[in-house]
Amino acid sequence: MSDQTVQVLITEEQNPEEGRGGGSIWGDAFRTLRRRPEVIIAALVALFFLVVALFPKLFTSQDPQHCDIADSGIPPQGFGGAHPFGTDITGCDMLAGVVYGARPSLLLAFIVVGLSVLIGVTLGTLAGFYLGWVDTIISRAVEVFLVIPLLLAALLLLSLFHGAETSGVLGSILQPALVLTLFGWMGYTRYVRANVLETKNLDYVVAARVLGASDLRIMVRHVLPNAIGTVTALVPTAIAGVIGTEAVLAFLGIGVRPPAVSWGILISNGSERFAAGSQYLLLFPLGCLVLTVLAFVILGDALRDALDPKLK
Amino acid sequence: MGRYVLRRVLQGILTLFLVIFLLHLLTTFAIQLNGNPALAFFGDRVPTQAQLSAVSARFGLDDPCYNQLGNPCFGPFVNRLKDYLSGDFGTNLRGREITSIVATAAPNSFRLFLVVTATWLVVGMFLGSTAARRRGKVVDHGIRGFSVMIDALPVFVMLLVYRYVITVPVYTWAKKQFGSDSFIALLFKPSFDSDHPMITVIIPGILLGLAGSAAFIRLVRAAQLENYNSDHVRAARSKGLSERHVRVFHIVRNSSIPVATAVGIVFTEALAGAVITEGVMNIYGMGGLLWNAVRDSDVSLIIGIVTLLAIVTIVVMILVDLLYAALDPRIRYE
């Protein structure tokens, strides 16, 4: 038995748990994250708002669209009253608004980030793996799209779609989702391309190629799992970013549109009538937005640390 | 260096051409899908066919290709390029030249950017260096927490809270205490004042700068940490140079190269942030114009400003690249 194998055996005996998870970067990352209290709290907050978005009926029995003008401008009554968060100027229940507003905001964020990652990973892998003209076209496209800031592109395109008819939750977020995705994929492409370039010349990939694996198999089974780590760390931060952008677009009247409610729309309404006595109309949706964004940002920050091998 | 500059500038012109083409394609496609934006000119009134075609002609929307879905409209694109080359960026819905509108608005945007850049450098450099110097100590964790907090407060939220929650009581108090034309009162004025353009953009600028500084803090910290452990710093220390000298001349100076390039990347983000800042705070700058154009659905003004801002971004990116090449000779010979 050589010295090295003995050494490995000894470490394995000393740290049985780490030995088992060895090699898996995800296992390591998960174990690092589990030990940090702020990560657990952030995860719980994010989870809470996800549950709110998925099952709004659990949290309120009111319908946000059903507004009784007779009840307008009731200040927050606390839990136990008919309107715990009060009502707005047209008598819509605030709690119902905040609860039902979570769904478009979060759904938009998940759709945009999901599609962007999918596009970014596909293009980045192709560019890094094949190089040549594929890479030239993709890199040039990335450069061109990067010059136009996301928000400016969204303002331009969404105001052109201003009068379009929409219906349902999905319909009302379709336009912002498409536009934000169109200008959101470049960052992932860049990261994945750089990682693929690094990974594809490693010995085990060369070995797979020598064994006769197809390009597709090498990309999906061997290169991608190693190249995708840093991208994952960008996801929570990107979700937080889209939630913030949605608020800006709704504020300008070109994002998710009434009668659908979203946090952005509530914030926009609340700030229009911001005066003594009705601050809660702005502060409740704003508070929800800040809490959610904060939770995702903390998760992203911790994930970036946990997945970055240089910091270990 | 000369060849590098030439190559970079030519590349920039190609990118600019592609960007304008992309914007053209996207707007064309949107118009084909959604109908004539010239309708916005009439507001709620229903125009006659003659009125509509007259207005369409004025905004260059009368080409039949705008009614054919999927047609890339090369004809109008060539015309538009010719107009851009002769400095004509079109007119807004009221018929005013976009270039003349932008000329009056640009100085205010420039003032805002001065404040933003100063905030980045001061906050980013100061906090980033402090964090790097005290790596792993309480101060480092505190600064890190601060940058996460900044990330978690979008500029938009920060400005809304500032404008609606903070300025009103502070402004009323300062007005009563010092008079409405005093420095403090103007500093906290809830909206822009064209008589005092510089003072009223200071706080919005600082807030926007703070929002961008989180990335800066992390970058400066990482760049300096790399230098703290490098050979040239160890050599400088072993020569017996004072720690202060090593820090200023060997660490801060060397780590400013990657920081300089980041300015270019953060710039595009700040541009978007400026639109929000100027919009929420009513600052009469290019972003504020765009914000109001979106509210009035003044499409030709939006297209003009977005194109102009894209041009500015490309110029800034080229400048940053050239600066990088001037600072770091390795880049020129790649």
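Before you start selecting, note that the model is predicted, with local features needing pLDDT of at least 70 and side-chain atom pairs counted only at pLDDT 80 or more, while totals for chains, interfaces and linings use all residues. Residues are numbered from 1 along each chain as its sequence is written, chains are lettered from A in the order in which they are written, and side-chain values use heavy atoms, leaving out hydrogens and water.

**Stop 1: the domains of chain B**

Select 2–85 of chain B for domain 1, then 103–327 for domain 2; such bounds come from an automatic or database domain assignment. Their centres, taken over C-alpha atoms, are 33 Å apart. Where they touch, domain 1 of chain B contributes 16 residues and domain 2 of chain B contributes 14 (contact means heavy atoms within 4.5 Å). Together the two domains bury about 1,200 Å², with 81% of it on carbon and sulfur atoms (buried area is the accessible area, 1.4 Å probe, that two parts lose on being put together, summed over both).

Now pick Arg8(B) and Asp321(B): their side chains form a salt bridge at 2.4 Å, N to O (a side-chain nitrogen of Lys or Arg within 4 Å of a carboxyl oxygen of Asp or Glu). Next, colour α1 (2–34) and α3 (74–85) of chain B, each of which supplies at least two residues of the domain 1 side; helices here are DSSP runs of H or I, at least four residues, numbered from the N terminus. The largest share of that side, eleven residues, comes from α1(B).

**Stop 2: where chain A meets chain B**

Zoom out to both chains. Here 43 residues of chain A are in contact with 47 residues of chain B, and the buried area is about 4,000 Å², 80% of it from carbon and sulfur atoms. Show Val147(A), Leu156(A) and Leu160(A), which supply 17% of the area that chain A buries against chain B, more than any other three residues.

Which residues make the salt bridge? Select Asp301(A) and Arg144(B): their closest N and O atoms are 2.6 Å apart.

α14(A) gives the most, with twelve residues.
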